[in-house]
Amino acid sequence: MNAVLIALLLLPLLGAAATLLPVFGSEPGTADRRALRLNTVVTGAVLALTVVLAAGFDQDEPGRMQATTDVSWIPAIGVRLHLGVDGISLPLIVLTALLTFLCALYSTRRLPGGPGVPSAKAFVGLFLLLEVGMLATFAVLDLIVFFLAFEIVLIPMYFLIARWGSGQKVPAANRFILYTLLGSAVMLLGFLLVGTKAGTFDMQALADAHGNGLSHTTQVAAALAILIGLAVKAPAWPLHSWLPDAHTAAPTVGSVLLAGVLLKMGTYGMVRVLLPVVPDGTATLAPYLGAFAAVGIVYGSLACLALARPGAKGDLKRLIAFSSVGHMGFVLLGIASLSQAGVNGALFANIAHGLITGLLFFLVGALKDRYGTADLDTLSGATGAALYGRAPRIGALLAFAAVASLGLPGLAGFWGELLAMFGAFGPAAALSRPAFLTYMVLAGLGTLLTAAYLLIVVKRVCMGDPKQPATAPDIPDLRRYEAVSWTPLAALTLLAGLWPALLLGLSEPAVKHLLGGG
């Protein structure tokens with residue numbers, strides 16, 4: 001299985017390199033079609049390999065690293081090419097492969113275009129390089145290599161926003177890369193501090209040591225630096241301000257991957273690095289992380305309510321971006337509780353958010369393509385956009401994604417938020433229970449606000465008189481390529497909601513080990 005994991009990383013890397021070769025023809029149309037076909041084939045092959053990896057994964061020992069490769073890479077500083085998967089990283093690898101394949105499939109028919117937009121070859125090369133970085137982040141087990149993988153995604157995403165985006169795309173891309181680069185620089189300092197003090201950058205060895213050999217001062221300093229870098233990518237309030245602009249300007253597939261995968265890289269790093277490597281430092285900072293998470297939940301929901309009200313000229317993509325700040329707040333709250341229930345809930349919410357928000361961004365992208373705008377006031381008009389009457393299948397999918405996002409029981413959004421709040425109800429013994437009870441109450445308020453703004457969106461976009469106004473355009477309902485791209489996300493949202501043990505059974509033993517309980 002280690003060969004399968006290596007092939008997962010090599011395939012998209014080789015595919016990205018192939019776009020530099022003169023093998024696609026000289027005619028722009030032919031070259032674009034061949035490049036997009038290559039994108040679908042490569043990402044499809046990667047998804048097939050992740051299915052093989054998941055099928056070969058020993059589910060009786062999900063807390064043990066499997067499919068491992070460990071070879072020396074840079075002996076002078078002790079950096080190793082150490083790969084492996086466990087019950088924490090496997091679902092994220094599968095989610096990444098699925099979303100990239102669905103985005104590649106969608107792009108064959110809806111490639112972002114316009115005057116001055118580069119060829120599809122450039123898009124495909126950057127897209128596959130982005131997949132390499134995302135997959136590697138969840139597969140590597142060396143702090144320095146983790147940092148490199150964490151950084152690989154920045155340049156492709158920058159160009160996807162700046163060259164294939166819309167609106168204020170260049171300023172949004174600049175803010176995205178400045179925020180994330182500065183955060184990553186601080187995170188690297190924390191990695192170097194841990195590595196030099198512990199004598200190794202190997203994440204598995206550091207996790208097994210569980211902080212032994214690192215003084216409390218060292219742990220607090222390292223945890224603070226690492227937490228800042230990861231919180232920018234998460235994104236945690238108040239380091240989130242790059243996110244709404246980036247989502248609003250990004251093309252549809254860029255928004256799907258940004259919300260579905262890139263945000264998860266930050267929270268995954270907290271679970272993989274902070275909890276086991278610097279546990280004392282993390283425990284010291286956990287109350288502050290919990291406070292920021294609770295504020296982020298309420299803040300994100302209030303921002304969405306403001307955008308959803310009539311007359312606010314709220315952009316639907318921007319609204320969903322702010323909703324991500326709130327939803328990722330639940331993930332951060334679960335991690336901050338340092339409890340098994342809370343961390344398991346955070347990992348579940350990671351996957352659920354990737355599925356649901358990915359579907360929401362696909363839907364909003366389709367509405368923007370049809371209406372030429374994502375402005376909520378323009379879409380809804382005086383009576384409502386009446387999607388139930390004009391495009392009933394898209395309207396039904398939008399309503400489904402909205403109720404899943406607000407945490408309706410039986411759908412994926414419910415379990416992660418419930419367990420994160422349960423973790424705040426019973427945090428680790430070293431933490432202040434009254435403080436975390438306060439955070440839990442704020443998170444509960446956030447769930448009510450979330451339901452409010454999402455139901456307003458459903459009312460304004462899905463309901464209304466399809467015959468009013470008389471000038472309302474006829475819009476096509478769900479197209480075949482859209483159905484193929486979106487149905488897996490809807491089906492998995494339902495499956496995860498009805499069968500949460502599918503994910504929790506994988507993560508629970510691994511979380512117990514990372515928290516030092518086995």
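**Backbone exceptions**

Modeller: P238 is found in the loop between α9 and α10; here helices (H or I, at least four residues) and strands (E, at least two) are DSSP runs, numbered from the N terminus. The model is predicted, so local features need pLDDT of at least 70 and side-chain atom pairs count only at pLDDT 80 or more, while totals for chains, interfaces and linings use all residues. Residues are numbered from 1 along each chain as its sequence is written, and side-chain values use heavy atoms, with hydrogens and water left out.

A cis peptide bond joins W237 to P238, with omega about 10°. P235 also has its place in the loop between α9 (216-233) and α10 (242-249), and a cis bond links A234 and P235, with omega about -10°. Most peptide bonds are trans, and most residues other than glycine have a negative phi.

H210, in the loop between α8 (203-209) and α9, is not a glycine, yet its phi is positive, about 55°. With a relative accessible area of 25%, H210 is partly exposed, because that class lies between buried, under 20%, and exposed, over 50% (1.4 Å probe, protein chains only). A67, likewise not a glycine, has a positive phi of about 55°. A67 belongs to strand β1 (residues 66-74) and, at 14% relative accessibility, counts as buried.

Helix α12 (residues 279-308) has 30 residues, which at 1.5 Å a residue should span 44 Å; the expected span is 1.5 Å times one less than the number of residues. Its end C-alpha atoms are 41 Å apart, in agreement with that expectation.

A last site concerns packing. S323, in helix α13 (residues 316-336), is buried because its relative accessible area is 4%. Leaving aside residues up to four places away in sequence, S323 touches C304 and Y453, where contact means heavy atoms within 4.5 Å.
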